[in-house]
Amino acid sequence: MRHGKKFNHLGRKAAHRKAMLSNMATSLILHKRISTTLAKAKELKKYLEPLVTRAKEDTTHNRRMAFAYLKNKEAIIELFGEVIAKVATRPGGYTRIIKTGFRLGDNAEMCIIELVDFNELMLKDVQPAKKTTRRSRRGSGKSTAAEETKATAATAVEEAPAKDAEEPKAPEASADSAEEETDNK
């Protein structure tokens with residue numbers, strides 16, 4: 001019985017699956033972004049993220065363990081050098097999966113998997129991280145917010161009469177003219 005055995009075999013024998021994931025991880029480290037199917041990307045994420053976590057501590061043992069998975073010297077140098085320099089402060093979640101649609105031939109769901117800190121387009125959208133602090137409800141935050149709303153209301157009141165003075169008003173219809181129209185009908 002196979003109760004509780006839930007990882008995706010990807011339609012391959014164990015040796016083929018290990019070789020494929022090793023090659024994909026090497027490509028991802030070297031190129032920072034690859035396009036693949038969603039199922040392979042999810043398995044690759046589970047394969048690569050422990051390696052990146054292990055690479056945060058640059059020891060001979062960790063380099064040898066990573067080499068046992070990747071089997072590529074250039075990928076090890078890149079992983080322990082440039083990749084770790086960017087993700088050293090990140091507590092996890094080193095990869096991002098972006099769905100791109102479906103493949104024409106077999107309608108497989110395709111995606112792009114990338115290393116998070118290497119996408120310059122996504123990094124431009126991110127605002128600088130604000131310092132998060134816990135504040136009580138009775139704190140000084142309410143008074144500053146109330147002062148700001150009063151200040152904006154005061155400026156809106158000052159601007160409103162100026163707008164009214166500049167724009168000519170349309171003549172209003174009187175009640176007598178409305179009664180005359182109903183009588184004529």
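User: How are two packed helices described, and at what angle do helix H3 and helix H4 pack?

Analyst: Two packed helices are described by the angle between their axes and the distance between the axes. Here helix H3 (residues 60–70) and helix H4 (residues 73–87) pack at an angle of about 130°, and their axes are 10 Å apart. Axes are lines fitted to C-alpha atoms, for helices over the stretch in contact, and angles run from 0 to 180 degrees between N-to-C directions. Helices (H or I, at least four residues) and strands (E, at least two) are DSSP runs, numbered from the N terminus. Please note that this is a predicted model, in which local features need pLDDT of at least 70 and side-chain atom pairs count only at pLDDT 80 or more, while totals for chains, interfaces and linings use all residues. Residues are numbered from 1 along each chain as its sequence is written, and side-chain values use heavy atoms, with hydrogens and water left out.

User: Which word describes the orientation of H3 and H4 to each other?

Analyst: Angles under 35 degrees count as roughly parallel, over 145 as roughly antiparallel, 65 to 115 as roughly perpendicular and the rest as oblique. H3 and H4 are therefore oblique to each other.

User: Which residues of H3 and H4 meet?

Analyst: Contact means heavy atoms within 4.5 Å. From H3, Asn62, Arg63, Ala66, Phe67 and Leu70 meet Lys73, Ala75, Ile76, Leu79 and Phe80 in H4. The residues of this contact of H3 with H4 divide into 7 nonpolar, 1 polar and 2 charged. In this scheme Ala, Val, Leu, Ile, Met, Phe, Trp, Tyr, Cys and Pro count as nonpolar, Asp, Glu, Lys and Arg as charged, and the others, Gly among them, as polar.

User: At what angle do helix H2 and H4 pack?

Analyst: Helix H2 (residues 38–55) and H4 pack at an angle of about 90°, with their axes 10 Å apart. That makes H2 roughly perpendicular to H4. Leu51, Val52 and Ala55 of H2 make the contact with Leu79, Phe80, Ile84 and Val87 of H4. The residues of the contact of H2 with H4 divide into 7 nonpolar, no polar and no charged.

User: Is Glu78 buried or exposed?

Analyst: Buried means under 20% relative accessible area, exposed over 50%, partly exposed in between (1.4 Å probe, protein chains only). Glu78 lies in helix H4 and is buried, with a relative accessible area of 18%. Leaving aside its neighbours within four places in sequence, Glu78 is in contact with Ile29, Leu30, Lys32 and Val83.

User: What is the order of the strands in the open sheet?

Analyst: Two strands pair if DSSP finds at least two bridges between them. The open sheet of 3 strands has the order E1-E3-E2, with antiparallel pairing. Its edge strands are strand E1 (33–37) and strand E2 (95–102), each of which pairs on one side only. The twist averages 25° from one strand to the next.

User: How many bridges join E1 to strand E3, and how many join E2 to E3?

Analyst: E1 and strand E3 (residues 109–115) run antiparallel and are joined by 5 bridges; Thr37 stands opposite Met110 in E3. E2 and E3 also run antiparallel, with 7 bridges between them, and Ile98 stands opposite Ile112 in E3. The hairpin of E2 and E3 has 6 residues between the strands, and in this hairpin Asn107 takes a positive phi near 65°.

User: How many helices and strands does the protein chain have?

Analyst: The protein chain has 7 helices and 3 strands. Along the sequence, the pattern is α-β-α-α-α-β-β-α-α-α. Of the 185 residues in the protein chain, 26% are buried.
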